[in-house]
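Please keep the sequence and the model in view while working through the numbered points.

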Protein chains: 2
Amino acid sequence: MVDILLVEDNTELCGLLCELLRAEGYTVSSAETGEKALSLYEKYGARLVLLDINLPGMDGFTVCKAIREKENTPIIILTARAEREDKLNGILLGADDYIEKPYDIDILLAKIKGIFQRRLARDIITEGDLVLDLNAETVTKNGEALPVSMKEFALLRMLIENKGQTVAKEQLFNRIWGSDSESEPQTLTVHIKWLREKIEADPRSPQLIQTVWGKGYRWGG
Amino acid sequence: MVDILLVEDNTELCGLLCELLRAEGYTVSSAETGEKALSLYEKYGARLVLLDINLPGMDGFTVCKAIREKENTPIIILTARAEREDKLNGILLGADDYIEKPYDIDILLAKIKGIFQRRLARDIITEGDLVLDLNAETVTKNGEALPVSMKEFALLRMLIENKGQTVAKEQLFNRIWGSDSESEPQTLTVHIKWLREKIEADPRSPQLIQTVWGKGYRWGG
DNA sequence: ATTTCTTTTAATGACTTCTTAATAATTGCC
DNA sequence: GGCAATTATTAAGAAGTCATTAAAAGAAAT
């Protein structure tokens, strides 16, 4: 996993930025097309994506969307088009920030730093006995590692992030499986079952993950 | 009941915002005229209204006022007119917040989130021994959890929200079962029965849920 | 390639909620 | 009181939802 994945079709600018970022201590990988960017992302992952919108072939928005469908990696969009519509689009697609070219390098660096810090600070959730590390996607219970799968982690996280509120089944399903998923909604209840088995004192009468009949599930009373 | 009712006459912007809000996990319904907004609100209700002031036909202020006359649903007003007068008007009419176009999406989202959180803390109705948590859809009686079904909760809530007033059977039925429901109206009385069983000290002579002969029911004397 | 882990599917059973329908009780009115 | 309309009560069962289980399919790791 690399710190930053830089997607920029201008070779010269790409090289320059790479150097600059490396000089700041980040590990960087770069791509000059959307296709290559996705394949790099797929292979190695990245903690942050710097994404040019104007790309030959697959455009930046498509890349942005594709990345967002997989993970919640922060994305900063770079663009020459200074239109608000683009901005809205970018935000719609889940970009975290937006910088217009020609950009001030210091501002860009500051935003990158900001994102890394924000993410870092946000990256641990404590809830009762449980500690969720959002980066590592690990859970510990009373200090002991509690192995959970990806889906279980996502479920647990979403429930805890909305604790006290009922989270609709549809919401859980759409967010975790994707609204265009072909899977049966039934699979959710099975995952809930696994989760309960792992975290509940008595899985037969769950205290943490409550069933809200006809609606969904709720963390806590 | 939907999370957000969006009232915006610009079709494109309306669509974009809808998507954006849905991506944030809110359920959204939208209207492009004031009339349609009110009818949607009437039919399905909403936890928050995002309201454009400049609407063709019935204007935003009228909509705002109409909604406020019914319920205390929070309203955020959106407007291009950057006039102080509007702002004053909006707040006078009970809007909870006010955003000028072109608005920063992040700010809008932050405000929405803020309102939902504030409401969350507020979304509790206390009535005698009973505490209704509208978000969790739970009832506690003297601190102890009192399990109620969806329909029972809806009934209880509607009665308490109109306490002292008689709520017509038709009104209860239409709101909870839906005006196009195929169920027998009789089912309502059965649910009233279950509710009384759960909350009344002596279900034989109900003190909380009074029968108003020929009309409906009333909470309290 | 094999093994292990995760995810999904499918089938079953249990459970909750809701509805219906029949009967009893109550109310308003003559 | 007696009658009609309305509401209450009850129990049965229909409908819907969820839990559980096992097994198959798919991924990832060794």
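**Note on the structure**

1. Just after helix 2 of chain B, Gly45(B) takes a positive phi of about 75°. Helices (H or I, at least four residues) and strands (E, at least two) are DSSP runs, numbered from the N terminus. In chain A, helix 2 is likewise followed by a glycine, Gly45(A), whose phi is positive, near 75°.

2. A word on the source is needed here. The model is predicted, so local features need pLDDT of at least 70 and side-chain atom pairs count only at pLDDT 80 or more, while totals for chains, interfaces and linings use all residues. Residues are numbered from 1 along each chain as its sequence is written, and chains are lettered from A and ligands numbered from 1 in the order in which they are written.

3. Which residues of helix 2 (residues 34–44) of chain B are buried? They are Gly34(B), Ala37(B) and Tyr41(B), where buried stands for 20 or more other C-beta atoms within 10 Å of the residue's own, exposed for 12 or fewer, and partly exposed for values in between, with C-beta atoms placed from the backbone. These residues are on the same side of helix 2 of chain B because they cover an arc of only 55° around the axis; the arc is that of the directions from the helix axis to the C-beta atoms. An α-helix has 3.6 residues a turn, so residues three or four places apart point the same way. On the face turned away from the buried side, helix 2 of chain B carries the exposed residues Ser39(B), Glu42(B) and Lys43(B).

4. Helix 2 (residues 34–44) of chain A has Gly34(A), Ala37(A) and Tyr41(A) as its buried residues. Seen down the axis, the buried residues of helix 2 of chain A fall within an arc of 55°, so they line one face of the helix. The face turned away from them holds the exposed residues Ser39(A), Glu42(A), Lys43(A) and Tyr44(A).

5. Strand 4 (residues 75–79) of chain B is largely enclosed by the rest of the structure, because five of its five residues are buried. Ile75(B), Ile77(B) and Thr79(B) lie on one side of strand 4 of chain B, and Ile76(B) and Leu78(B) on the other, so that both faces are covered. In a regular strand the side chains alternate between the two faces of the sheet. Strand 4 of chain B runs parallel to strand 3 (residues 46–52) of chain B, and four bridges join them; Leu51(B) has Ile77(B) as its bridge partner.

6. Chain B also has an open sheet of three strands in the order 10-12-11, with antiparallel pairing; two strands pair if DSSP finds at least two bridges between them. Strand 10 (166–168) and strand 11 (209–212) of chain B are the edge strands, each pairing on one side only. The twist averages 35° from one strand to the next. Strand 11 of chain B is joined to strand 12 (residues 216–219) of chain B by four bridges, and Val212(B) stands opposite Gly216(B).

7. Helix 6 of chain B packs on this sheet, touching strand 10, strand 11 and strand 12 of chain B, and its direction makes about 65° with that of strand 12 of chain B. Axes are lines fitted to C-alpha atoms, for helices over the stretch in contact, and angles run from 0 to 180 degrees between N-to-C directions. Leu159(B) is in helix 6 of chain B and counts as buried because it has 24 C-beta neighbours inside 10 Å. Leaving aside neighbours within four places in sequence, Leu159(B) is in contact (C-beta atoms, placed from the backbone, within 7 Å) with Val167(B), Ile209(B), Tyr217(B) and Trp219(B).

8. Finally, consider the DNA. Around DNA strand D there are 19 residues, the closest being Thr189(A), Thr211(A), Thr189(B), Lys193(B) and Thr211(B); a residue is near a strand if its C-beta atom, placed from the backbone, lies within 6 Å of it. Helix 8 of chain B gives the largest share of this surface, five residues. DNA strand C has 25 residues around it, of which Ser149(A), Met150(A), Glu184(A), Ser149(B) and Glu184(B) come nearest.

Note on methods:
Contact = placed C-beta atoms within 7 Å.
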